[in-house]
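Welcome! Let us walk through this structure together, one region at a time.

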Amino acid sequence: MKKTAVFPGSFDPFTVGHESIVRRALPMFDEIYISIGYNSEKKSFFPLDQRLNWIRKIFSDETRIHVESFSGLTIDYCRKVGAKYILRGLRTSADFEFERAIAQLNKSMYPEIESVFLLTVPEHTPINSTIVREVIRHGGDASKFVPAAIDLSGYIKKKEI
Ligand code: ADP
């Protein structure tokens, strides 16, 4: 049976931290779904289509990676695509506490699911999508925090003098 994992997130935007987690997890699974969970009531910074296209571009050479969006519960989506593993990245103890609760709830609702956590490499610990968005909002250059395939230039606000 195929070992399929879902890497769920908002990826607003996808960062080098996310990319590293996916590339390190790839040898552990037959296929990975990178799946953007969306909620029509929650507004994102980058449009859903843009986020999907960027991730597809990053992994365009990798046939074992699928990039999709979903709404609703992550476990329902996992059932739909036949995934028994949820992949998540851990940066800090705060991440751990947050992820622990979600993983335990997911397991209580879907006992066959296993959450798999990879610790971030030290240099990616401070990188998160919120910081990338803040840098862009203030006219800064966030390109080193995102994979090279992501061109943020169209989104950088002109600095107010
Ligand atoms: P969510 O909105 O579900 O928190 P994110 O898009 O922020 O989704 O993150 C998706 C996953 O990637 C989470 O497991 C998060 O902990 C992990 N992650 C985020 N940034 C990093 C990073 N710099 N290094 C490793 N993992 C990360």
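This is a predicted model: local features need pLDDT of at least 70, side-chain atom pairs count only at pLDDT 80 or more; totals for chains, interfaces and linings use all residues.

Gln-50 counts as partly exposed because its relative accessibility is 22%. Along the chain, Gln-50 is 100 residues away from Ile-150, and the C-alpha atoms of these two are separated by 9.7 Å.

Helix H2 covers residues 48-58, and Lys-57 is found there too. What does the side chain of Lys-57 reach? It comes to 3.2 Å from the backbone oxygen of Ala-149. For another pair, take Lys-57 and Arg-91: they are 34 residues apart in sequence, and their C-alpha atoms are 25 Å apart in space.

Ile-127 contributes through its backbone instead: one of its polar backbone atoms is 2.8 Å from a nitrogen atom of the ligand. On its own, the ligand has 550 Å² of accessible area, and the protein covers 84% of that.

Where does the ligand sit? The space it takes is the largest pocket. Strand E1 (4-9), helix H1 (16-25), strand E4 (85-90) and helix H4 (93-109) are the elements that each give two or more residues to the shell around it. How many residues surround the ligand? There are 16, and the closest are Ser-10, Phe-11, Gly-89, His-124 and Ile-127. Sorted by class, the shell holds five nonpolar, seven polar and four charged residues.

Is Phe-11 buried or exposed? With a relative accessibility of 3%, Phe-11 falls under the 20% limit and therefore counts as buried.

Stay in this loop for a moment, as Pro-13 is found there as well. A cis peptide bond joins Asp-12 and Pro-13, with omega at about 5 degrees. Follow the chain onward to Thr-15, which caps the N-terminal end of H1: a side-chain oxygen of Thr-15 lies 3.1 Å from the backbone nitrogen of Gly-17.

Helix H1 itself is mostly covered, with eight of its ten residues buried. Which residues of H1 are buried? They are Val-16, Gly-17, His-18, Glu-19, Ser-20, Ile-21, Val-22 and Ala-25.

Our last stop is Val-121, in the loop between strand E5 (114-119) and helix H5 (129-137). Val-121 counts as partly exposed because its relative accessibility is 23%. Along the chain, Val-121 and Val-132 are eleven residues apart, while 18 Å separates their C-alpha atoms.

Notes: Residues are numbered from 1 along each chain as its sequence is written. Side-chain values use heavy atoms; hydrogens and water are left out. Helices (H or I, at least four residues) and strands (E, at least two) are DSSP runs, numbered from the N terminus. A polar contact is a pair of N or O atoms within 3.5 Å; within protein, one must be able to donate a hydrogen and the other to accept it, and residues adjacent in sequence count only if both atoms are side-chain atoms. A residue is near a molecule or strand if one of its heavy atoms lies within 4 Å of it. Accessible areas come from the Shrake-Rupley method with a 1.4 Å probe; for residues, only the protein chains shown count as cover. On a 1 Å grid over the protein atoms alone, a cavity is a set of points where a 1.4 Å probe fits but cannot get out, and a pocket is an open set with protein on both sides within 12 Å along at least five of seven lines; lining residues have an atom within 4 Å of a point. A molecule sits in a cavity or pocket if more than half of its atoms lie within 2 Å of its grid points. Ala, Val, Leu, Ile, Met, Phe, Trp, Tyr, Cys and Pro count as nonpolar, Asp, Glu, Lys and Arg as charged, and the others, Gly among them, as polar. Buried means under 20% relative accessible area, exposed over 50%, partly exposed in between (1.4 Å probe, protein chains only).
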